[in-house]
Amino acid sequence: MDESTLSDLLPLYYTRLFPYVDYYRWLSYGEVNTFSRREFSFTLQDDIYIRYQSFNNIESLKNEVKRLCPYKIDIGAVYNVAPSNKRREAKFEPIQREFVIDIDMTDYDDVRTCCAGADVCNKCWKYMSLALKILDAALRDDFGFEHILWVFSGRRGIHCWVCDKQARFLTPNTRKAVASYLQLVTGGEFQKKKVKIVKKMHHSVKRAVDIIESVFTKMCVEEQGMLDSEERVTKFLGIIGEEDMRAEAKAVLDKHSTGVKKWEAFVNFFKQEMQSGNKKWRRTPFLIQEIMLQYAYPRLDINVSKGMNHLLKSPFCIHPKTGKVCIPINPKVVDQFDPKSVPTITTLIDEVNAFDAKELKEQGESIDNVKRIKDYKKTSLNKPFHAFQEFLRGIENSQMGERIKKSGELIFFLFYDELNQITN
Amino acid sequence: MDFTPSCKRRRTVKHEKNVLLELYPHDLQMYKVPPKGEIKLVEFQDLTLERQKVLQLLEIALAQQHKSLDELKQAFRNSLKKEGFHHYARLITAEGCSSHNDIDLEARRKDHISHFVMRLAYCLKAELQQKMLSLETELFKLRFSSLDKEGLTQFLATSGLHYTPVSKEFKDENRDKLITSTTKDGDFDSINFYEMSFHEVNELICDRRVFVKKGIAYVPQKDLISVFVQHFKNNLATELNIAKKSLMVNLEDDDRLQTFLKALPECYAGMSKVVWQSENTPISKLDDLSKTSYPLCMRVMHEHLKSTHHLRNTGRLQYQLFLKGIGVSLEDNIEFWRTELCKNPQLTDDKFSKEYLYQIRYNYGKLGRRVDYRPHGCNKLILDPVGAGEVHGCPYKHWDVDSLTKKLADCKIAPSDIGEITRLSKEGHYILACTKFFESSHKQMPGNMFMHPNAYYAESRKILNKDEFKGDETEASMLTEDMLVPISPEKLPPQPMKKNHNIPETNKSVTPRTAEKKIRSIDRKNKMDPLNIEALLNDDSD
């Protein structure tokens with residue numbers, strides 16, 4: 001998207017479409033103090049970067065955003081004091097922060113073959129939906145988190161915000177632990193085998209394998225053509241540790257012409273060797289699973305999750321290169337999400353204009369009526385916004401629950417006190 | 001620093017046995033109650049110096065990366081005995097409360113007092129706090145693992161941590177998951193599982209060694225150790241900060257203690273510290289240096305950068321800081337990266353200024369937080385994650401055998417040495433593998449053991465410069481920030497060590513007094529602001 005169009009359209013977007021109220025509902029978590037001590041940072045035109053912005057209320061945020069029309073908004077941690085006052089305080093430290101995950105398609109460059117770098121298509125997007133499903137399950141089932149917001153990063157990745165109270169107050173050490181728990185694929189350029197399962201398969205890994213297994217052949221073997229060329233086969237064989245085993249595997253693969261057949265043959269060959277008790281192959285009993293994980297398990301940028309003060313791009317930003325809105329993704333229907341059909345700032349403005357023109361035409365001069373309908377409802381943002389509101393209701397209900405519990409205790413306490421007085 | 005324990009001779013105060021027994025009923029403690037009563041200054045100092053040396057030995061033992069806890073314990077215990085620290089050798093394998101004779105009680109008392117003095121000495125700087133935290137935690141871990149059943153029960157009872165085992169029904173219901181998600185040890189039906197929040201067992205979560213469901217971790221008996229270790233660590237971290245605050249108030253005008261406490265950490269510095277080169281290294285020489293004096297990790301990054309004109313973020317960070325450490329000036333560093341990265345046709349000069357320049361200037365403390373960053377040590381290189389397509393990190397840890405063998409052959413390492421290096425790296429002795437690489441490429445052992453790429457470089461320059469100029473004026477050009485530890489002889493071939501007999505001599509020359517002067521002058525030069533400390537925390541250890 002070219003820059004001058006963007007700077008023309010951003011003011012309109014920030015005045016008419018950006019969901020300030022819901023945004024505030026989210027980031028305040030029911031407390032003004034939480035919102036006012038939150039760090040925001042803005043990237044303006046020409047890469048001007050301002051950090052440590054904070055706002056006392058929704059109005060001042062709104063005014064500043066409208067005034068600056070940032071190309072990008074990042075959200076940081078909630079600090080002990082309002083970040084804009086940090087110079088006045090001796091001690092300035094983050095005290096709460098959502099547990100966040102950042103997944104970027106470039107980390108898949110050694111396994112995806114359809115696109116490279118910044119490009120993304122429906123084939124490689126499948127890595128993202130798979131990542132979302134696997135991590136969402138781990139966060140919910142293993143750690144018991146409930147309020148998880150998944151967001152499209154605007155071009156080729158996804159972000160995750162775990163907003164449960166417990167998640168927001170995790171210590172850095174526990175964040176690190178959870179992040180490594182979720183990180184399975186490790187090793188750089190010179191480590192060909194990147195997933196190692198020693199002796200037993202942890203239940204979370206097993207679950208991930210189950211999720212991957214159902215789509216692996218179609219997605220990795222067929223669409224990505226995992227075994228479709230000499231070079232890729234060599235890469236694949238690199239995962240197998242020893243020279244003679246590699247040769248055996250190569251012989252099996254060479255018998256077949258298509259990738260899918262090769263894969264099936266390899267799986268069968270491995271099973272046979274395992275059953276016949278071949279010692280060499282039995283040393284890596286989880287080889288098939290390890291391969292599937294290496295090719296499809298989510299690859300997260302672990303440093304983002306570890307720290308408390310790492311910034312992450314805010315939902316509802318406009319990606320400056322693609323013009324796409326960073327909209328929430330509903331994890332229940334992630335398979336239907338198509339990055340190509342995400343609304344861009346241009347289509348949104350057109351939609352609003354088209355709607356208004358149509359209404360005007362039908363209703364004549366009664367402009368008031370047109371104005372009463374919220375602008376986002378006239379656009380394709382309507383659906384993602386509803387998903388966001390549903391997420392907010394979830395958080396608010398649990399906050400309500402907490403408050404009732406507290407006040408319930410209070411009532412009981414008062415009652416108990418009274419009882420004491422009577423009996424005395 | 002040559003120190004022999006001499007407290008017995010000096011101590012005059014006799015302690016009543018039953019008083020001691022009441023104070024120290026167990027070999028292990030969480031150090032929740034500070035010692036009370038009077039102590040002679042000399043004993044106070046002796047006890048503390050002794051503990052410091054003990055921790056130092058532990059650091060060396062840890063650096064040898066023993067395969068199992070038992071092996072580590074054995075090696076550490078041997079070195080303690082050799083140095084005459086019999087009380088500590090005893091504590092390392094103490095079972096808890098199986099015996100309470102005079103020697104046991106004396107050991108426990110020493111342990112208690114010296115731990116608290118160490119807190120005072122190590123609380124002042126974040127860097128030192130971190131060091132004490134990690135070493136004391138390791139010490140605790142070793143000692144905890146020696147407890148017998150009775151010792152463990154008694155310790156649990158006094159520690160104030162209470163957990164209840166889960167019901168048999170729950171175990172049966174989740175049998176498979178409990179088995180596959182925890183490391184196997186003994187008969188499933190007889191093992192108790194304890195439930196607790198996942199926050200309490202970071203280590204187990206981190207390594208995926210525990211069954212977690214809806215935020216609850218189910219920890220088998222034998223893994224309870226990591227619950228206590230974490231508890232111990234958290235507690236000590238908090239206490240160190242409290243100690244820092246109260247020390248500033250309470251010891252303000254006691255000169256004797258101030259001097260001692262400040263000088264203490266300097267007496268034995270770690271081997272994982274940076275060695276800065278004071279001489280300017282021209283970038284035109286980097287190609288040659290990368291072949292002669294770089295450790296493999298840096299050589300790989302240099303070559304990757306030269307051939308692909310690209311290096312991913314963490315790699316750039318590590319290599320830029322290494323260059324900074326070997327004496328490449330900021331301007332040269334910028335020039336070097338600009339030349340290399342811009343050979344990539346897609347990267348314009350403008351894009352370089354926007355995306356890469358900032359990082360380099362940031363690393364030199366010219367921008368952003370203005371922290372003068374230090375080159376990363378081996379620990380960090382080994383522990384930092386390496387993702388797909390990245391070439392940074394420790395080759396001995398992050399490379400598979402095939403790639404490593406090939407690379408070593410490219411570096412013209414003798415085939416017999418290649419086998420040795422890959423074996424060491426496979427067994428997890430990364431530092432030893434690196435030392436072997438050094439030996440093989442320099443045809444001699446390094447004078448000092450290193451745990452830092454920049455220390456490797458310094459050692460290499462020392463040898464090569466001597467060869468080149470046959471003079472020792474080069475020694476003076478080395479700003480060694482600390483004294484390096486001579487290589488522990490057990491694990492390495494003996495013959496080259498003879499040359500290095502003079503090395504410990506230099507260590508002796510640094511007494512607490514001179515070390516203390518050193519501290520003061522450092523303090524004056526660069527005052528630490530809060531941000532600075534924060535950055536140092538992320539620096540070497542952990």
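A residue counts as buried when its relative accessible area is under 20%. Keep that cut-off in mind. What you see here is a predicted model.

Let's start with chain A. Of its 424 residues, 51% count as buried. Its secondary structure comes to 17 helices and nine strands. How far does the C-alpha trace of chain A span along its principal axes? About 75 × 75 × 45 Å.

Next, contacts. Take the pairs in chain A that sit at least 6 apart in sequence. Of those contacts, 68% join residues at least 24 apart.

Now the surface of chain A. The accessible area comes to about 20100 Å². Carbon and sulfur atoms hold 51% of that.

On to charge. Chain A has 65 positive and 58 negative charges. Their mean positions are 3 Å apart.

One spot to look at. Which residues form a negative surface patch? They are Asp2(A), Glu3(A), Asp8(A) and Asp46(A). Pick out Asp8(A). You will find it in helix H1, residues 3–17 of chain A. Is Asp8(A) buried or exposed? Its relative accessible area is 57%, so Asp8(A) is exposed, the cut-off for exposed being over 50%.

Over to chain B. This chain has 542 residues, and buried ones make up 54% of them. Count the elements and you get 29 helices and five strands. For contacts in chain B with a separation of 6 or more, 71% are between residues 24 or more positions apart. Chain B exposes about 25600 Å². Of that area, 52% is supplied by carbon and sulfur atoms.

Notes
Residues numbered from 1 in each chain as written. Chains lettered and ligands numbered in written order. Predicted model: local features only at pLDDT ≥ 70, side-chain atom pairs only at ≥ 80, totals over all residues. Heavy atoms only, no water. Patch = residues over 30% accessible without salt bridge, like charges linked within 9 Å, V, L, I, M, F, W, Y side chains within 5 Å. Areas by Shrake-Rupley, 256 points an atom, 1.4 Å probe, with all protein chains shown as cover. Salt bridge = Lys/Arg side-chain N within 4 Å of Asp/Glu carboxyl O. Lys, Arg positive; Asp, Glu negative; His and termini not counted. Charge placed at Lys NZ, Arg CZ, Asp CG, Glu CD. Helix = DSSP H or I, 4+ residues; strand = E, 2+ residues; numbered from the N terminus. Buried < 20%, exposed > 50% of the residue type's maximum accessible area, 1.4 Å probe, protein only. Contact = heavy atoms within 4.5 Å.
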